[in-house]
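Here is a short briefing to read with the structure open beside you.

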Amino acid sequence: MGKTTNLLFTGVGGQGTILTTKLLSSALAEVGNDVKMSEIHGMAQRGGTVNTQLKFGDKVYAPNIGEGEADYVVAFEKAEALRALPFLKKGGTLIMDEREIYSMPVLLGQQSYPATWNAEVVAGDYKIIVVPASKIAAELGSARNANVVLLGSIAKLLGVKISIPDKFGEAARKAYEAGEGAVS
Amino acid sequence: MPKQILSGNEAVARGAWEAGVRVAAAYPGTPSTEILENIAEYRDDLYATWTNNEAIAAELAFGAAVGGMRSLTAMKHVGMNVAADPIFSGAYAGVNGGMMIVSADDPGCHSSQNEQDNRLYAEHAKLIMLEPADSQECLDFTKAAYELSEKYDMLTLLRLTTRVCHSKSVVELGERIAVETKPYNGDWTKYVVLPVNARRRHILLEENIARLRADGYDSPLNRVELNADTSVGVISSGISYQHSREAFGDTVSYLKLGITFPICDRLVRDFAAKFSKIVVIEEGEPYLSTRIKAMGIAADAPDFVQGELNAARIRAVFGLDGGGEKADASGLPDAPARPPVLCAGCPHRGFFYALSKRKGRFVGVGDIGCYTLGVNPPFNGMDICICMGSGFAIPIGLSRALETQGDTRRVFGFVGDSTFFHSGFNSLVDAVHQRANVCLVVLDNSITAMTGHQENAHTEKDLQGYQVPAIPIERLVLATGLDTSRLIEVDPIDQTAMGNAIDAGLTNEGVTVIITRRPCALLKDEIKARGTKHCEVAADKCIGCKACMKIACPALAFNESAKMAYVADTANCTACGLCKQMCKVGAISEVR
């Protein structure tokens, strides 16, 4: 059975994880891969965690991935990166934005937000790449394009090129290029 | 033919269009909703509509099928409980144009109240059941569903699960088939299920099932994959097949059943005879394995009745290699919980906050919708919530039980506008008719919000964008004969008015109905109208009392070191003004 490359995208409802995964899926299919993408939404739209999973290779069967099976985890939010880490395989790569979005238990003071955990990581058997996507996107004109920055980064690592649709605007195209630049 | 990456739901919609479907009806429900949303796009070729509930959708589709058109109805698994009545008896009557029912089950309860396995419905209601395993099969099986439905004069059930509905994969598209509408023959001996007809139709139905069971042997929907290892044969269907494939790999052989009711016993026996060991892999109820074992085949069928299946669970049971080795992330802190919450600007927050201030004086009964989130702290708005429409019916029984034991708390039931039309209205009629002592609240946000903003009987546009009459809730309420003094309409964000309405509901004898009116803050028109309007907390005025934090708005945060509240998320703040009403020192103001 051919091996697949597995990715998990994680963020908070409204951050654009699903759209990002969609664009990347299309690009990977265009260069001849079998592709499956899985998303879970519903309650997640109400400020909860949103995960999408993407698998590609010669032939993909199950659309979802298990713990320890992700070659890449792409995190749009810092606490969500932490939550998704069990999915990362030994030797895998975590790409994350440093954006912090406080959940209700944090806002209510019932739980604390682990603000500095990534600084404490001594990357042993996995790689961690911090891409300050929200900051980059804001500097380029729209903080909403943070997902496009991360898209640029992961696409670059996977060796595919995504043409950003014109309707996304010039800021998005620049955001994509900045994302590519952030990992080269 | 062109290829596209489609979700299972998108592929079902495409397949239905290609199959020449002319009528599609549904009530929204995750994970099925996108089927109707996508099929509605073919505005020139078919009629697609939301109905008030799943039974109506099934009946409407049945009517179109009897009238000679190919029709579709789609629902989430629990929706099939609502639609069961027309489906069970419609199965006896059979069809004229083909009819397909889509059931989207939700193993793992990703967005549902239970994990019911609707494969059991197929056998019980006597429906042809097809189980696609990816998006391409969603398209192909949908087309096959109509051929089978018409050939065997049966209703077809396309049984999906969340992972099939919401996974995207590459699909080869086809063309729309030109299907003529069949003449309507009005054959009452077929379509009127009087006992005399039903008894005869039942015999015919069983004959049709037997015919299809035998024909399944040669159907391309069932697939045998013979591989090198001749010791193990795996039998599976739907998404469970994909997980089996991941876990067992390329060496063992597979019988992938596409038609899972009726199961072709000859096909299963032939396959089983080739191997020393037969394994049945299925997510949910032991549906396949029970029937395969009843054929006298010894099958190893692990129990996956609870939760979503994945390859890792199969590997664990059979001691198979493969799967992942986790990166060592020890020593890191836990991520804080991120439960779903009412959005910033949500009108329901105003209602639940006002209600929570009257803690101890009410018992809340909820329903299915965004407002179910009112159960969470700090609102703790309900003790009970089980199914669509029950928010208005449970209070009738509960209030009697409480009164009997001297519990003087008033029972409050709440449903959304869409849920009111789904089945809440029927219960309201009962509450008034039975002189119940309850307060029933319609949380009207002008849309079916939880499933992603679908139109309902209360909106002026329908699913395909046509102008339609909006049915006024208040007139339906008063049509029960309820005194106008017992109907209170209120903006839930206005805490004075909202509080007064709840107080009336707490003290009135008999039924009080409150309609809270304010559109969902995420509606496109609402977003456009408010532009960049949001709230700000004046640093020089805030005294750090945290009164505004009591409303649990995700746009508001508190800086512990500076001892002051601030609007952390100005993009999501809608300036609804609820926090402003909490502030006793006037520190919060609206800005653009």
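Domain bounds here come from an automatic or database domain assignment. On that basis, the C-alpha centres of domain 1 and domain 3 of chain B lie 33 Å apart. This is a predicted model, in which local features need pLDDT of at least 70 and side-chain atom pairs count only at pLDDT 80 or more, while totals for chains, interfaces and linings use all residues. Residues are numbered from 1 along each chain as its sequence is written, chains are lettered from A in the order in which they are written, and side-chain values use heavy atoms, with hydrogens and water left out.

**Domains of chain B**
- Chain B is divided into domain 1 (3–218), domain 2 (223–318), domain 3 (347–521) and domain 4 (531–591).
- The contact (heavy atoms within 4.5 Å) between domain 1 and domain 3 of chain B takes 20 residues from domain 1 and 17 residues from domain 3.
- These two domains of chain B bury about 1,500 Å² between them, 50% of it on carbon and sulfur atoms; buried area is the accessible area (1.4 Å probe) that two parts lose on being put together, summed over both.
- On the domain 1 side, Arg43(B), Trp50(B) and Asn52(B) lose the most area to domain 3 of chain B, together 38% of what that side buries.
- Zero salt bridges are counted between domain 1 and domain 3 of chain B; the rule asks for a side-chain nitrogen of Lys or Arg within 4 Å of a carboxyl oxygen of Asp or Glu.

**The second largest pocket**
- Residues of the lining of the second largest pocket come from both domain 1 (3–218) and domain 3 (347–521) of chain B, so the pocket lies between them.
- A pocket is an open set of points on a 1 Å grid over the protein atoms alone, where a 1.4 Å probe fits, with protein on both sides within 12 Å along at least five of seven lines; lining residues have an atom within 4 Å of a point.
- Its lining has 38 residues, and Gln113(B), Ile368(B), Gly369(B), Met388(B) and Met450(B) lie nearest the centre.

**Chain A with chain B**
- The contact between the chains takes 56 residues from chain A and 55 residues from chain B.
- Together the two chains bury about 4,800 Å², 60% of it on carbon and sulfur atoms.
- Six salt bridges are found across this interface.
- Arg315(B) forms a salt bridge with Glu69(A), with the closest N and O atoms 3.3 Å apart.

**Lys127(A)**
- Lys127(A) touches Gly92(A), Thr93(A) and Leu94(A), leaving aside residues up to four places away in sequence.
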